[in-house]
Amino acid sequence: MLAKFLKFLLLLNISQAKSAKYDNRNYQELLLDVPIDHFSLTKSNETFKLRYLIVERFYLKGGPTFFYCGNEADITVFYENTGFLLDIAPTFNALVIFAEHRYYGQSMPYGASSLTSPEALRYLTTFQALADFVCVIDAVAKKYYDTMLTNDTYPIIAFGGSYGGMLAAWLRMMYPHVVLGAVASSAPLLQVNNLQLCEAFYDTVTRVYTNNDNCSHPLRGSWDILRDLTASDEGKREISEIFRLCKPLQSEEDVNSLVDSLANIYVNLATLNYPYSTRFLTPLPANPVKSFCDKLKGHGPAESSLDLMRAISSALEVATNYSGALKCNNIETNPSEPTDYAWNFQICFELIMPICSSSADMFEPTKWDYAKFSNECSKKYRVKPYSVEHVLLLHGGKMLKYASNIVFSNGLIDPWFSGGILRNVSESVVAILIPGAAHHHDLRGANPVDSKYVTDARKFHENQIRKWLNIP
């Protein structure tokens, strides 16, 4: 069950399709030598090249820098899906930086061997990544701001969505002399090591489907039907044909993989439930949950078991074959991409996020078993998870009253919102709740169909940035 809970935060296996508005011609790609280990007292002079993207065309001397904290994927993915920075850069005459996270994209400390063993991953931590970002900021600031850091901070504003939002908030909290403020969107800081929020994630997903013609009802009843049908060899064959699986089901493990894959798809549709078509994870239509649920209208657990399975399979085409080009579905939930190996290491080592389901939601009930989780991590990576409060304690994640100049924004139909900061902490650490918004919707580029709630959130961000920069 390890992989089931890991692919939701940063949306791995993302489509590399280019955006017409934010294409490669609009940025320079640069490399910076940074230490492999920023903190060892006996460190050598080992460095690696960290990639970052820079957009200069909006910058005028004296303008600020908008700095995006890279997530667990190639940085171009976030450049192409975080248009808000580029939309507001002309207003502020801002320089725009998208910094890649170590061990993702092309920023590999040990080259091709970086993702091949637990030993090679030993410098994959949030602390090292934040220090990388500080190095990029310092290098950029020395070039564009004429002076070294003296009595004031650089005019740098950090941004991030999802895990990147966590990093943006932590960057401001750990290095307040380096960044003036941070906009942290869909940043589930409180989900880390928080068993009290274990069921909240799937509760939100269920609510999203329930609000679409009670679509959660047939899905809730589908799991027992699927299990019953696949108990026999004939049933496995029928389900393999119905779901057009590239590899037919042969074992209970295969069935478990199918169940996990279906759950992942339902979650991803809710996470990416934007009001316009996107190519973030995979090509999706506008309002993908509605598109999925429209195909299930009139279907329910009371009808023929095979008919319900056929209806679900047809609805899944919204996510698995929107282009219509695939001849079969390759259902695989075990990590196969190299970056999956890195992200799962982070989940095991630092970013433990308990997620479970109950009979009250539309998924199969699953319990969070910390001992099992720890053993799986130890077996795979030969590491034990940090102590329960370690990361939040060192980053200050639960001590936000001592922080300043951070906006935490969360869309209320985003499965991750329950792990976010949902209330104002102080006058300068504030929370924005966005009705009807999916995962870091407010950091995406402006779109004519965006709701007033989303556009108002972006205006709020702009006003906060003006306040931090002392702009009237």
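**A chat about a predicted model**

Reader: Where does Gln 191 sit?

Author: Gln 191 is placed in the loop between strand 6 (181-185) and helix 5 (200-210). Helices (H or I, at least four residues) and strands (E, at least two) are DSSP runs, numbered from the N terminus. This is a predicted model, in which local features need pLDDT of at least 70, side-chain atom pairs count only at pLDDT 80 or more, and totals for chains, interfaces and linings use all residues. Residues are numbered from 1 along each chain as its sequence is written, and side-chain values use heavy atoms, with hydrogens and water left out.

Reader: Is Gln 191 buried or exposed?

Author: Gln 191 is buried, because its relative accessible area is 0%. Buried means under 20% relative accessible area, exposed over 50%, and partly exposed in between (1.4 Å probe, protein chains only).

Reader: What does the side chain of Gln 191 reach?

Author: It reaches the backbone oxygen of Pro 354 at 3.1 Å. Not counting residues up to four places away in sequence, Gln 191 also touches several others, including Leu 197, Trp 416 and Gly 419. Contact means heavy atoms within 4.5 Å.

Reader: Changing topic, what is the mean pLDDT of the chain?

Author: The mean is 88, and 89% of the residues reach 70 or more. pLDDT is the predictor's confidence in each residue, from 0 to 100.

Reader: And where does pLDDT stay under 50?

Author: That is the case over residues 1-20, for which the model has 73 contacts beyond four places in sequence. Where pLDDT is low, the predicted coordinates should not be read in detail.

Reader: How many residues has the largest nonpolar core?

Author: The largest nonpolar core has 124 residues, and Phe 67, Trp 170 and Tyr 266 are among those with the most contacts inside it. Helix 8 (residues 252-271) gives the most to this core, with ten residues. A nonpolar core is a set of buried Ala, Val, Leu, Ile, Met, Phe, Trp, Tyr and Cys residues joined through side-chain atoms within 4.5 Å.

Reader: Which residues does Phe 67 touch?

Author: Among them are Ile 97, Phe 133, Ile 156, Phe 159 and Leu 171, not counting residues up to four places away in sequence.

Reader: How many disulfides does the structure hold?

Author: The structure holds four disulfides, a disulfide being a pair of cysteine sulfur atoms within 2.5 Å. With the bonded cysteines numbered in sequence order, the pairing is 1-7, 2-4, 3-5, 6-8.

Reader: What about Cys 215 and Cys 293?

Author: Their sulfur atoms are 2.4 Å apart, and with -95° about the S-S bond the link is left-handed. Both Cys 215 and Cys 293 are buried.

Reader: Why is the disulfide of Cys 246 and Cys 328 right-handed?

Author: It is right-handed because the torsion about the S-S bond is about 95°. Cys 246 counts as partly exposed at 37% relative accessibility, and Cys 328 does so at 29%.

Reader: Which residue does a disulfide join to Cys 348?

Author: Cys 348 is joined to Cys 377, S to S 2.0 Å. The pair links distant parts of the chain, with Cys 348 in helix 11 and Cys 377 in helix 12, 29 residues apart.

Reader: How many residues of helix 11 are buried?

Author: Ten of its twelve residues are buried, and Trp 343, Phe 345 and Cys 348 are among them. What covers the buried residues of helix 11 includes helix 3 (126-144), helix 4 (163-174) and helix 12 (370-381).

How values were computed. A polar contact is a pair of N or O atoms within 3.5 Å; within protein, one must be able to donate a hydrogen and the other to accept it, and residues adjacent in sequence count only if both atoms are side-chain atoms.
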